[in-house]
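Visitor: Could you take me through a close look at a single part of this model, and then show me what lies around it?

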Amino acid sequence: MSFHYGSDAPEINNPFKQEGLLYLLSGIVISIIGVLSLLTLRGQIVESGLAAGWLGLGITLILLAGGVHFITQGLFKISRFYVGRGVPASLSKNRAQSEKATNEPGVYYKTNAIAQMMMGRKNLTFQEPVTLFDRLLYSIFPNFIFLPISMRNYLHILVRNTGYALIALFVYFLALLSGTIGLTLLTQSSFSEWLGMAVCLFLFALWLGSPISVKKIRTNQLYAGQKSHLIWVIVLAILIPAIGEMVLRQGVTIPEAPFNPALALVVFYILTIIVCTAGITLAKLRSELTKPLTEVSESIDHWQENVHPKDFFRALDLEMADLRYKEIPNRVYRELNPNLNMEGSMDKGSFEGDTIQETQPIYQEINYPESLKKIRFGVAISGHALIIKAAFLLFTLNQGGIGSLSINSLFSGIFFPGICLAAGIALLTFAHLYWGEMQFKSYLVQFQGEGTYTESKLSVGMAITDSTRSENTVVRTSFSTWFLVTEIITSTQARSGRNTLDGARYILSMYKSDELLKHLVGQVNHFLEDRQLIAVSASEKDYEAVKALYATNDAAPGLGNIKAPQQPELAGSYRQQEEGDY
């Protein structure tokens, strides 16, 4: 959805300025580290050789690219936050005449789903968790189910990765314990160290392969997960130690491990605990703000009016136009298109119609508690610190021992910066979600019903002395109406740069709106009661033409001297004519 300029557009402040400054500072520090690495590259080639120089050049380019990326992101976040007249995205496909050509790829609901939510007093946004880890977490914190989908997606990835990591750690400790007490031969050789290295590689691939990034969680669908993934992780975690035990019992000698992975495992699980605690804490504080009501104001009535069936919907359409905010057209999710079905003849039949409209959403600032704001800022600083730490480790290891190309140096040069990067990105994603969430308030109206109609003739001015007449076709409509009105609170995830508010918008709460319902019903009835049934001349020109015709008729030959007979004379002449005929 592109930017649509308007002189009276909604005013929304940039929520990412504080975050952008942190990105800018972090990018400058990483760029400085990259420049220092570039300046020392020539001396490294002379001391360690050409192969180490190429490797150092690659690390230098990674540092410079990372610094430029963070500086660019920071500039985007602190730049102007463009808000046009078309934001935020609609709940469903907007079928309003002025918005039919607008592309809105981020809509989340179907029109039938909105109608189902209003009629059934339910919220289809909230879906139950599927995987075992999600169910365990939501059992402890039941309000997590009411979080926006982007926040639930990051919780899904966080809990899944943490759960897999704990399973791997449990199996690893079980293997060490069984070898220590003499049940297996795993600790009598270097297999336990190789097993620890395998756990490190698994965790490294897990967190870098499925990172908690903005790109992965900004989807229109809730991650459901697959039970087969958990089964495979458990099976592999059990099979690898079992296979190692069988190999050792066959007398196979396992070579010595190049290094001890104990430190790497300790550091990794400390970072995992920090990331998991931060994510769950922010989600816990945010979930306490949601009041997931599903209330709808309802009016069911039966109307009988001398109007055309389409006039009912036209009356609502005109009244909804008066509810516009800053003259922005309402969102139309089901058009005003009553279907008329004739029954045997042209003067009677049945009809049905349904329309769903939403008023322009108005921005509502979220009142986060101070504790959440402080934790959010601390999480952001911790994330940037870990990313700078990863850049510094790359620089230090590159300058120190990575030029030897040993397995230990390569592992240390890749593993430790990698886990710091994964943990830092996860923390930055948490903070970004709670900086970028925006809520809007609007009214959702559904007007539907069915009925029958009949046509009849109404003629006025048919007397012998009348000079004008009016023949009218009157439509008598019997309409059973169903009026639903609700005030909704919706949430969307803003982004920096282009298309700031084109993401999917989710319904969080539905409140009754009795006052608006009463107003709409009263205004529609007032419109119908003031309808004119008899066609008369209302123009001054028409009045002048009627006067001219009357004057012409009055001045015609033989008409001006004839005295109009009175009513008794007419009755006597009529009796004489009747006797003569007899």
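**The second largest cavity and its surroundings**

Guide: Gladly! The second largest cavity is lined by Trp207, Phe268, Leu271, Thr272, Val275, Ile419, Ala422 and Ala423 (on a 1 Å grid over the protein atoms alone, a cavity is a set of points where a 1.4 Å probe fits but cannot get out, and lining residues have an atom within 4 Å of a point). The model is predicted, so local features need pLDDT of at least 70 and side-chain atom pairs pLDDT 80 or more, while totals for chains, interfaces and linings use all residues. Numbering runs from 1 along each chain as its sequence is written, and side-chain values use heavy atoms, without hydrogens or water.

The volume of this cavity is about 70 Å³ (the space filled by probe spheres set on points joined across faces, edges and corners), and the model has three cavities of 30 Å³ or more. Seven of its lining residues are nonpolar, one is polar and none is charged (nonpolar: Ala, Val, Leu, Ile, Met, Phe, Trp, Tyr, Cys, Pro; charged: Asp, Glu, Lys, Arg; polar: the others, Gly among them).

Helix 13 packs against helix 1 at about 155°, their axes 10 Å apart (axes are lines fitted to C-alpha atoms over the stretch in contact; angles run from 0 to 180 degrees between N-to-C directions). That makes the two helices roughly antiparallel (over 145 degrees; under 35 is roughly parallel). Here Gln18, Glu19, Leu22 and Tyr23 of helix 1 touch Leu428, His432 and Trp435 of helix 13 (contact: heavy atoms within 4.5 Å).

Helix 1 (residues 17-39) also packs against helix 12 (residues 370-399), at about 5° and with the axes 10 Å apart, which makes this pair roughly parallel. Their contact has 14 nonpolar, six polar and no charged residues.

Helix 1, helix 12 and helix 13 are also among the elements that each supply at least two lining residues to the largest pocket (an open set with protein on both sides within 12 Å along at least five of seven lines). The largest pocket has a volume of about 800 Å³. Its lining has 34 residues, with His69, Phe70, Ile387, Leu421 and Ile425 closest to the centre. Helix 3 contributes the largest share, eleven residues. By class, this lining has 19 nonpolar, eleven polar and four charged residues.

Technical notes:
Helices (H or I, at least four residues) and strands (E, at least two) are DSSP runs, numbered from the N terminus. Angles under 35 degrees count as roughly parallel, over 145 as roughly antiparallel, 65 to 115 as roughly perpendicular and the rest as oblique.
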